[in-house]
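Have a look at the structure, and then we can start with a pair of helices.

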Amino acid sequence: MKEDLSFGTRCVHAGEGPSPEYRAHTTPIYQTSTFLFDSAEQADAVFSGKEPGYRYVRSPPNTPTHAAFIEKMKSLEGGEAGLSFSSGMAAETAVVLSQLKSGDHLISSSVLYGGTYGLFSSLLPKFGIEVSFVNTTDLEEVKAALRPNTKMLFLESPANPTMSVCDIREIARIARDAGAISVVDNTFASPYFQRPLELGADLVVESCTKYIGGHSDLLGGVVVGSRDLIRSMSRPTTLLGVTMGPHEAWLCIRGLKTLHLRMERHAANAMAMAEFLEAHPKVEWVSYPGLSSHPHHDTARKQMSGYSGMLSFELKGGVKAGQRLINGVELCLLSVSLGSTDTLIQHPASMTHAIVPRDMRLKIGITDGLVRISAGIEDAKDIIADLDQALDKV
Ligand SMILES: Cc1ncc(COP(=O)(O)O)c(C=O)c1O
């Protein structure tokens, strides 16, 4: 497939092709755990890497279904190689355990998905890896946190759940100059709105559970980057046993075929909700990178082609008011996760970010009353009418 095709065309066509056996139109699910060999010599050639081929599903390239998924992801992220995982957390675990060792130092965005914060704050130190949580929206803070043993800068942008945005190009440059690699969790933007590798990052991580799959019906993760870095992750990934299942790889392929269409609607609905909430007298503040009131709107405009479907806000009246709103919605659903076709609402301090200590939460802007919304792809007027009637009850 020609790589100069536009993004939506690549969502549909990249990695696709009739299956060699029966010329099936769509990529089949290779629902197997292992592959057969014609001879001991052929098995030896494949296992030793002299010949390409599939071996055992835990080892990349896993199955032809996984390979087709990775071809699509490479095209959409603009990377040379990739690996798929059983979840976004599995992908992050494989990144840090393959790239860091005891004595190394990791600089991470302080605003992060709660699970990632837990991995970095409680598990990595057990392996002798030092971690600094830094306000990565401030380049001077990032530079000041560098140490001689800093080996990785890990960013989440837009960040979960405050929607803060950091300058990926500048931070990738700071990392490169310091001899460290930069890794970006791009889950909130998806490659449709932001491509960190094109901005200079070394690896991009996505939780496929969100926009990539797009329908709240799978768990998965993916990492894309240079051939060398991905090769260095291949063996640790096999040993960690964090492989995506074949059915999930197939669901991701199917989800990606409509990524461009879904993301446009997610973003349009998020913008409509953000504007509605910002104008509402019961709302204290709204954080959506597409609003000109967002403190990092200019950075977002520079590095993103749209602002995606996530927003957070706080009501006047804090926690109690937020709870009344969440209990009052009828169409929006109370659930963690994001990037689904339906609109989800949740309370980070008691749900996705309950793992983050309260003093840390308050320091980084995850206030007790913060409410997070993942805009679905319904008709905007119905979601806004739902928020409106719920706000009347607050
Ligand atoms: C930004 C971000 N990264 C990573 C993850 C982890 O992904 P998973 O739940 O697929 O392990 C999440 C989960 O919500 C997330 O929001």
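Predicted model: local features only at pLDDT ≥ 70, side-chain atom pairs only at ≥ 80, totals over all residues.

Q: What makes the contact between α11 and α15, and of which class are its residues?
A: From α11 come A268, N269, A272, M273 and F276, and from α15 come A380, I383, I384 and L387. Sorted by class, this contact has eight nonpolar residues, one polar and no charged.

Q: How do you describe the packing of α3 and α10, and which hand does the crossing have?
A: Two packed helices are described by the distance between their axes and the angle between them. For α3 (residues 64-77) and α10 (residues 246-256), the axes come within 8 Å and cross at roughly 35°. Here α3 passes α10 in a left-handed crossing. That label means that the near helix is turned anticlockwise from the far one.

Q: Which residues make the contact of α3 with α10, and how do they divide by class?
A: On the α3 side you will find T65, H66, A68, F69 and K72. On the α10 side are P246, A249, W250, C252, I253 and L256. By class there are eight nonpolar, two polar and one charged residues. Lys belongs to the charged class, and K72 is part of the α3 side.

Q: What makes β8 and β10 edge strands?
A: The sheet they belong to is open, has five strands in the order β8-β9-β12-β11-β10, and its pairing is mixed. β8 (283-287) and β10 (333-334) each have a single partner strand, so one side of each is left without a neighbour in the sheet.

Q: How do you know that β10 and β11 count as paired?
A: Pairing needs at least two bridges between the strands.

Q: What is the strand order of the seven-strand sheet, and which strands are at its edges?
A: This open sheet runs β1-β7-β6-β5-β4-β2-β3 with mixed pairing. Its edge strands are β1 (81-85) and β3 (130-134), each pairing on one side only. From one strand to the next, the twist averages 20°.

Q: In what sense do β1 and β7 pair, and over how many bridges?
A: β1 and β7 (residues 221-225) pair in the antiparallel sense over five bridges. Since at least two bridges are needed, the pair qualifies. G82 stands opposite V224 in β7.

Q: Which helix lies across β4 and β5?
A: Helix α7 (residues 168-177) lies across β4 (150-156) and β5 (181-185), and runs at about 150° to β5.

Q: Where does the chain divide into domains, and how many residues are in contact between them?
A: The domain assignment gives domain 1 (7-256) and domain 2 (260-392). Their centres, taken over C-alpha atoms, are separated by 27 Å. In the contact, 32 residues of domain 1 meet 33 residues of domain 2. The side of domain 1 that touches domain 2 has 16 nonpolar, 13 polar and three charged residues.

Q: Which residues come nearest to the ligand, and how does its shell divide by class?
A: Of the 16 residues around the ligand, S87, G88, Y113, S207 and T209 come nearest. The shell divides into four nonpolar, ten polar and two charged residues. Gly counts as polar and Tyr as nonpolar.

Methods
Residues numbered from 1 in each chain as written. Helix = DSSP H or I, 4+ residues; strand = E, 2+ residues; numbered from the N terminus. Axes fitted to C-alpha atoms, helices over the stretch in contact; angles between N-to-C directions. Contact = placed C-beta atoms within 7 Å. Domains from an automatic or database assignment. Near = placed C-beta within 6 Å.
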